[in-house]
Amino acid sequence: MTKISPEIETMMPLEAVPPVSADVSFISNSFPKYKLGADHQVYQEPAEDNHGPSLKDVIEEEASNLLDQNKRISVRDLASKFDKNLSAAAKLSNEAKLRELPSLEGHVLLKKLRDALESLKGCFTGRNKEDVEKAISMVEALAVKLTQNEGELIQEKFEVKKLVNFLKQASEDAKKLVNQEKSFACAEIESARAVVLRIGEALEEQEKATQASRPQDVDGLVEEVQEARRIRLLHQPSKVMAMEYELRALRDQIQEKSIFSIQLQKELTMSKWDKENKSHSYKLDGSEALGSYLQVKPCSNEVLQVSKCSFQWYRLSSEGSWREVISGSDKSIYAPDPLDVGRMLQVDIVSNGKKLTLTTNPIQTVAGLGSHVETLLRKSNTDFNVVISQMNGKDHSSHSTHSFNVGRMRIKLCRGWITKAREIYSPTMQLCGVRSDVGNAAKALFWQARKGLSFVLTFESEKERNVAIMIARKHALDCNVVLAGPDDLV
């Protein structure tokens with residue numbers, strides 16, 4: 001730290017340098033290396049640590065290991081682990097106490113070194129004096145850094161004491177828990193032994209009771225068998241067979257009468273509704289079959305026009321005892337859905353505040369439609385050519401042809417390589433005949449791929465539209481999904 005210039009020859013007296021105490025001990029066998037930076041700040045060069053990790057790192061590592069293993073070790077292992085950590089914490093506490101002595105000796109050494117440099121400062125002038133002042137500033141910086149290290153050491157010591165207290169308490173709690181679990185286990189073992197003894201006694205009593213009652217049961221069965229044989233011998237087999245034939249004939253007649261009665265009831269109901277329809281001012285025009293559409297028309301020019309009336313279509317049960325609202329079908333036109341086959345439809349007409357009801361006959365299916373559907377179900381995918389009429393309730397400007405692909409797991413709508421929608425069967429998907437007065441209602445269907453994405457698709461024919469609906473519902477049912485229209489009761 002001190003440079004001796006050849007131009008200045010100054011002899012420093014030996015009394016100017018105070019002696020250093022001989023009982024001072026150092027942590028390492030070499031003096032640390034320091035650098036003087038800007039504003040006379042002292043930086044210590046990193047030195048290789050041959051004494052392992054620091055006390056803080058050891059504490060953090062032990063704490064993380066305890067948190068990781070807390071959920072997967074047993075109570076007994078937890079107690080042993082606490083004991084080991086307690087001994088380790090005590091050892092760390094002893095090491096921290098040993099490190100306090102070198103810290104105090106370092107302060108003494110730095111103070112003596114600073115006093116020696118102060119005494120040298122008065123003996124030099126010029127460049128050497130500046131070097132001595134710079135060395136004094138470095139010593140003061142080292143003293144400040146040593147004070148900071150002492151603060152960190154005190155904090156580490158506090159953490160070690162805290163950890164020791166925590167581990168002591170945890171060890172005591174673990175021992176209490178072990179003793180408590182041991183007492184619980186002993187109580188459960190004793191209870192299980194008592195239950196086993198009671199079950200054994202009950203089994204022995206049951207076995208004794210069974211052995212005592214077995215001869216009586218056998219005698220009773222023998223008597224019942226002999227009585228049955230006697231009754232059978234008293235009756236002639238020919239008479240028994242004749243009675244069986246008579247019973248079968250009576251059952252067949254009752255079944256025929258019940259079927260005929262049901263048919264008469266349906267005919268009476270239909271004739272009643274036909275009379276009511278004829279007496280109304282409006283009528284239903286169109287074929288009552290799948291693949292066509294029904295339209296409400298006025299019977300004369302004197303009644304209110306259809307455009308000024310309100311409508312609501314209903315689906316009746318097969319017996320006509322109750323009816324179901326067809327959600328969204330509030331127009332004068334309705335194209336029957338495959339779900340309507342075999343059931344009657346009704347429409348309520350409100351005109352000038354008056355309510356009228358028109359009823360149809362059961363909707364008929366199309367010949368050959370079922371066999372065609374069974375043939376297409378053998379394929380994994382079926383393609384149909386469609387045109388998008390509406391998208392999300394708005395008219396679609398493009399009238400280009402798209403491919404409507406119905407598969408076993410999903411439905412896809414695309415045009416060439418461009419995919420409009422591709423969704424697997426899910427409870428949010430809806431598929432039914434269109435329920436608005438769009439053109440070619442019998443050829444159109446409503447498809448909601450998911451919430452927020454819906455289409456009205458027009459097929460090339462009525463048959464393709466109904467086939468697509470039936471195939472999609474069958475595949476969806478295989479995936480445990482019921483595919484129907486909005487608010488349909490299926």
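Predicted model: local features only at pLDDT ≥ 70, side-chain atom pairs only at ≥ 80, totals over all residues.
## Basis

Local features need pLDDT of at least 70, side-chain atom pairs count only at pLDDT 80 or more, and totals for chains, interfaces and linings use all residues. Residues are numbered from 1 along each chain, and side-chain values use heavy atoms, without hydrogens or water.

Helices (H or I, at least four residues) and strands (E, at least two) are DSSP runs.

## Salt bridges

There are 12 salt bridges (Lys or Arg side-chain nitrogen within 4 Å of an Asp or Glu carboxyl oxygen). Asp285 pairs with Lys297 at 2.9 Å. This pair joins strand S3 to strand S4, 12 residues apart.

Arg343 meets Glu324 at 4.0 Å, N to O. Both are buried (under 20% relative accessible area; exposed is over 50%, partly exposed in between; 1.4 Å probe, protein chains only). Both also belong to a salt-bridge network with Arg315, Asp340, Arg435 and Asp488.

Lys355 bonds to Asp348 at 3.5 Å. Lys355 is exposed because its relative accessibility is 54%. Asp348, at 4%, is buried.

## Negative patch

Glu201, Glu204, Glu205 and Glu207 form a negative surface patch (over 30% relative accessible area, no salt bridge, like charges joined within 9 Å). Glu205 sits in helix H3 (127–234) and is exposed at 57%.

Definitions and conventions. Patch = residues over 30% accessible without salt bridge, like charges linked within 9 Å, V, L, I, M, F, W, Y side chains within 5 Å. Areas by Shrake-Rupley, 256 points an atom, 1.4 Å probe, with all protein chains shown as cover. Lys, Arg positive; Asp, Glu negative; His and termini not counted. Charge placed at Lys NZ, Arg CZ, Asp CG, Glu CD.
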